[in-house]
Protein chains: 2
Amino acid sequence: MQHTGTLAVSPTEALKHIQTILRTQAVERELAERSAGPRHDLQAELLGRQQQGTLWREINQLHPADIAFILENLPLDERHQVWDQVAPHHDGGVLLEVSDAVRGSLLEHMDESEVLDAAERLDSDEIADLVPDLPQEVVPTLMERLDPANRERVHSALAFPDGSVGSLMEFDVSAVRADVTLDVVLRWLRRHGSLPAGANMFPVVDRDGVLQGILPFESLLICAGDTEVADAMRTDAISFHSNDPAADAAHAFERYDLIAAPVVNLHGQLVGLLKVEAVVDHIQDSTQRELLSQAGLRDEEDLFAPVWKSARNRGLWLALNLVTAFIASRVIGQFEQAIEQIVALAVLMPIVAAVGGNTGNQTLALVIRGYALGQVTDHSFRRLLIKETAVGLVNGLTWGGIMGLATLALYQDLGLATVMFVAMVLTLAFAALAGAFTPAMLQRLGQDPAYGSAILVTGVTDSLGFFIFLGLAAVFLTA
Amino acid sequence: MQHTGTLAVSPTEALKHIQTILRTQAVERELAERSAGPRHDLQAELLGRQQQGTLWREINQLHPADIAFILENLPLDERHQVWDQVAPHHDGGVLLEVSDAVRGSLLEHMDESEVLDAAERLDSDEIADLVPDLPQEVVPTLMERLDPANRERVHSALAFPDGSVGSLMEFDVSAVRADVTLDVVLRWLRRHGSLPAGANMFPVVDRDGVLQGILPFESLLICAGDTEVADAMRTDAISFHSNDPAADAAHAFERYDLIAAPVVNLHGQLVGLLKVEAVVDHIQDSTQRELLSQAGLRDEEDLFAPVWKSARNRGLWLALNLVTAFIASRVIGQFEQAIEQIVALAVLMPIVAAVGGNTGNQTLALVIRGYALGQVTDHSFRRLLIKETAVGLVNGLTWGGIMGLATLALYQDLGLATVMFVAMVLTLAFAALAGAFTPAMLQRLGQDPAYGSAILVTGVTDSLGFFIFLGLAAVFLTA
C-alpha cells in the first residue's frame, strides 16, 4: 500500500515503532533512577521528552482508524499514556473505531467534559453507536446539549435493533425532489461545496418524503441542465426497509455491487442511506464474531483485558463443555465392568469419539454456512441429510477399516477389531446427522445456528461414540 | 429489501419457487406415466410446458448473481435443467458468480462453442478468473480469438498470485492526464455517455502513465471548467501496488472507507483499479474459507457434490485427526496398568482432555484473529502468552476445583479428587500455551496460521491431558 499523503507507514509498522519507543523510555527511566548522577538523569529526560514530543505529533497525524488500531494493541498502561496525547478532535472518531471491548478502557480514562466534547462532534447515528458504552451519568447531559432534531435522530437510531439495516444506516442524507431541474441540483451542490462522501447518487423523494427513485451523480454530468430530476432518475434501484436484517442487505450489496442504497420506513418514506462502508464493517464484525464464537468467546475480547475478565468471558463456555464432558464420562461409567475386563477399551475409545466429533463438525460447518447464505430450504435440507449421512458412512468404512486393522495389529483380537470397525461406521454416520440437526434445531428455536452448536455436536458425538463402542464391546466381547 | 425494478422476490424466495415447480412437474410426469388416458397425459403436458415457459422467462430476468445462487442450490439434475435455459448473454456472468465448486458442474454441461461464446463477452480480468476452471482444450482457442491487447491483459492477470491486489483489480480503467482542463474531461464523458461504474474518481497520470493523484468526480461538478486537472486533483489518496496482499488492501478499504483505489506497478505506473465490490467479495470468500477450513474442509464444497468427492475432500483432515487421536490413544496405552487398578481413571480422563482442548482452542481463536488483523508483534505475543497462561490457570483452579469436588462426591476418594484437580490446573495452563504457540509456529514456517491449527491443538491437548492425569494417578495412586 502506498500513501502519497499523510500516512507514511502501515498501522502495524507504526505500532511496532511506538512499542519500541515506549519500551526504550521505560528502560531509560529505570536506568536513570538507578544511576545516582543528576546530570545523566537530566540528559536522559530531555532526550526522552524530545522523542515523545515527536511521537505524539506523529500519532495525531494518523487516521482515527489507525490510532484505534494502535490503542487496541497496547497494554493498558501504555494505552492510557498514548490516549492522553490523542488530540481532542480525534477522540470521537477513535472511540467509534475501537472494538467494543477496548472502548470501555478508553472511556474510563476520560472525565465527563472530555466525553461530552468527543461525542458532540459526531453525527447522530455515530452518537447512537457510542451511547450504550458511555457512562450512565453522561448520557442525559449529552442528550440535553443536542439540538431537538439530532436528539430525535439519536433516539430513533437507538430504537433499531442490532443487526437491522436501521442500525447501520446514516440519517444525514441529502435527497432531491423529483420536480426540480438538474440545474437546481447543481446550483445547490456548488453552494454546498461537496458531494455526499461514500455515495454515488441522490435519493429522489416526493413532497411527502416518499422515495421515488435515485439520481446517479453521472446524470448531473451527462444530462442537459434543464432536464427534470424525474426524467433523469432511475426507478429500478434497490432500497431497503429500516427493519430489514443487515445480513440480507450485505448479501444484496455483495451480489449487486452496490455503493449506497436508500432506506425507507413502512410508509415508503426516505429515512436514511446505507453505505458500502457500513456494510463492509458489518461483514467484518459479524464474521469475526462468528469465528470467535465458534471457540466460545462470546464477546470480542480486549487482547490486554485483565485476567479475571477474560476468564469470565470464557467461563460459560467451559462450564457448558464441562457438562457435556461430564455426561460423556457418565456414559463411560456405565461400562466400568467391561473396561475392567478389557482395559484396551479404555485405550481405544477416545479414537472413536475424536473422529466422530470431527465428522460432526465438518457437516456442521457446511450447514451453518448454508444457513448464513440462505441456501437451506426444507427441500435441500432433506437432500443434504441423505448426502452427509452417506459421506459419514463412506468415511466410516474407510477410516473404520484402517482402525480395525490397526487394532488387530496391536491386540491380535479379531473381536475387538470388529467392534472397533462397526463402532466407527455407526458413530460417523450418526455424527453427520448430529452435525446437520443441531444447527437446524437451534435455527428453529430462533437461535443463531452458529453459536454453541460446535460444543453441542462434540458433546453428542463424544457420548454417542463411547456408548456405541463400549456398548458393542459389552454385548459381544465380555462374559 | 425492496426492488422497485425487475427483481420481484429475494433469491431465496425464487429458489423455493423453482424447487416447487420442478418437483410438481416431476410428480405430474410420474402420475401421467402411470395413468393410461392419453388425453389426461396431453393436458398435463401442456400445463407443464406453459408453467415452464414462464419459469424460464422469470429466471432470465434475474441478476446473474441470483441465477448463480439458484443453480448452486439445486441438485445436479435440476441444476442442468435450469442451466440449459439460462440465456447465452447471462452465461459468462453466472459462471463468474458461482462458487468454484459449482463452476465445474456447469462447464461440464456446455460444449466448446458455448464456453467460448460466454467467455468472449467478459472483460480481460474476468476471463482470467475463469481460465483456471475452463476445459484445457478450450483455452488456446479462446486466447487466439482475443485481440492482442486483451490477450496481453489476460496473461498478466493470470501471472498475479491468488490473494494479491493484482488478482482482484480491474484492468479496464479510464485515467485522465494532469495537464488537461476539466472541460476536456467533461466533453469526453458526455461522448462516452457514462461514468465508470463502482468508482468515485479518475486516476490522474502523466505522459508516462505514472500515477499523479486522483480526480474525484465531484471536482467535475464543483470546480470551474477551465481549471486544470492538476489543480483539482488530490495527491494524498491511497494507492496500492499490484503485488500488495489483498488482505492489506481489504483492511485499508475498511479503515479508510474507500470506494476505489488506483493500482500501480513497481515503476509507479497505473495498471488497474481496485473497487470496493471486489474487496467485499474477497472478504466474504476468505472468511468463509477460513470458517470451513477450521473444520477441515479445504475446498469450498458443492452442497450437492457426489458423495465420493465430498468424502475425499474431508479425508485428509480425518486422517490427520486419526493420527493425533491414535497418538493420544498410545499415551493412554502406557498407563494400562494404572487403569486396570483404578477403572475410574478411564471414566474421568476424557473430561480433562475435553476441557483442555476447549481452553486451547479459545486461545487459538484469539491468536489467529490477532494474526489476521496484523496485531501480533513480538512484544504483544510475549504479553499474550503470559496473559493466556494466567487465564488458563484461573479457569483450571475454578473448574478443576468443581471437578475435584464432583470426583470426591462420585468416588469418595480424596486422592483421586486431588489428582483430578491438579491435572485440570496443569492441563489448562499448558493448553493455553499450545493454543498460542501452534499458530505462531505455523506462521513462522510460512503456513496459514488458521489452517490445521485446531486439529493440532486438540491433538496436543488430548495427549497432554491424558498424560498428566494418568501420570499423576500412576505415581500417586497405584501401588
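## Two helices crossing

In chain B, helix α5 (residues 88-97) packs against helix α7 (residues 112-120) at an angle of about 75°, and their axes lie 8 Å apart. That makes α5(B) roughly perpendicular to α7(B), a label for angles of 65 to 115 degrees. Axes here are lines fitted to C-alpha atoms over the stretch in contact, with angles running from 0 to 180 degrees between N-to-C directions. Helices are DSSP runs of H or I with at least four residues, strands are E runs of at least two, and both are numbered from the N terminus.

On the α5(B) side, B:Pro88, B:Asp91, B:Gly92 and B:Leu95 make the contact; α7(B) brings B:Glu114, B:Asp117, B:Ala118 and B:Ala119. Contact means C-beta atoms, placed from the backbone, within 7 Å.

## About the model

This is a predicted model, where local features need pLDDT of at least 70, side-chain atom pairs count only at pLDDT 80 or more, and totals for chains, interfaces and linings use all residues. Residues are numbered from 1 along each chain as its sequence is written, with chains lettered from A and ligands numbered from 1 in the order in which they are written.

Pairing takes at least two DSSP bridges between strands. β2(B) runs parallel to β3 (residues 201-205) of chain B, joined by two bridges, and B:Val176 sits opposite B:Val204 in β3(B).

## How the chains meet

Chain A and chain B each put 113 residues into their contact.

How values were computed:
Contact = placed C-beta atoms within 7 Å. Parallel < 35°, antiparallel > 145°, perpendicular 65-115°, else oblique.
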